[in-house]
Amino acid sequence: WAQELAKLAGAFDLCVDSAGGEGWAGLCDLLKPGGRLVFFGVTRGVPKDIPMRKVFFKQLSFLGTTMGSPRDFQAMLDFVQTHRLRPVIDSAWPWEKAEEACQRMERGAHTGKIVLKIS
């Protein structure tokens, strides 16, 4: 996916990631020299390999972050409401198929959120 994105959009100054996992190496490929990768989650797990040579030859920066202050959170909520932002929903699954939904996420076959419905 990283190579496909690079063909479509070129390189990036900044990537923001909430998934972690194997996708990290692809994000390092997408960054321009001097680029920054900001991360705040490990939904897909801890990256097994960090491409160290790319990090130092491209002089990349990694920045871990959290949610911020209560004031930051309120500002984010106001922004979402003002601009009517809505999350991208990939699919909705009944609770009984939660294992299949998790397998979809583990394969990286989704784009957006996977919703579990509890009846």
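Does Asp13 count as buried or exposed, and at what relative accessibility? In this predicted model, Asp13 counts as exposed, because its relative accessibility is 52% and the cut-off for exposed is over 50%.

Good morning, colleagues. I shall begin with the salt bridges, then turn to a surface patch and a pocket.

A search of the whole structure gives three salt bridges. Asp13 takes part in one of them, with Lys32 as its partner; the N to O distance is 3.7 Å. The two residues belong to distant parts of the chain, 19 residues apart: Asp13 sits in strand S1, residues 12–17, and Lys32 in strand S2, residues 31–39. Lys32 counts as partly exposed, at 33% relative accessibility.

The next pair is Asp29 with Lys54, whose closest N and O atoms are 2.2 Å apart.

Asp90 and Arg104 make another salt bridge, with 2.7 Å between the closest N and O atoms. Here a strand is tied to a helix: Asp90 is in strand S4, residues 89–94, while Arg104 is in helix H5, residues 98–107, and the two parts are 14 residues apart in sequence. Asp90, at 23% relative accessibility, counts as partly exposed, because the buried class holds only values under 20%.

I turn now to the surface. Which residues form a nonpolar patch there? They are Ile50, Met52, Phe56 and Phe57, and together they have about 470 Å² of accessible area. Within this group, Ile50 is located in the loop between S2 and H3. Ile50 has a relative accessible area of 37% and is therefore partly exposed.

The largest pocket holds about 710 Å³ of space. Its lining comprises 20 residues, and those closest to the centre are Asp17, Ser18, Ala19, His110 and Gly112. Which element gives the most to this lining? Helix H2 does, with three residues. S1, H2 and strand S5, residues 113–117, each supply at least two residues of the lining.

Thank you for your attention.

Definitions and conventions. Residues numbered from 1 in each chain as written. Predicted model: local features only at pLDDT ≥ 70, side-chain atom pairs only at ≥ 80, totals over all residues. Heavy atoms only, no water. Salt bridge = Lys/Arg side-chain N within 4 Å of Asp/Glu carboxyl O. Helix = DSSP H or I, 4+ residues; strand = E, 2+ residues; numbered from the N terminus. Buried < 20%, exposed > 50% of the residue type's maximum accessible area, 1.4 Å probe, protein only. Patch = residues over 30% accessible without salt bridge, like charges linked within 9 Å, V, L, I, M, F, W, Y side chains within 5 Å. Areas by Shrake-Rupley, 256 points an atom, 1.4 Å probe, with all protein chains shown as cover. 1 Å grid on protein atoms, 1.4 Å probe; cavity = no way out; pocket = protein on both sides within 12 Å on 5 of 7 lines; lining within 4 Å. Points joined across faces, edges and corners; volume = space filled by probe spheres on them.
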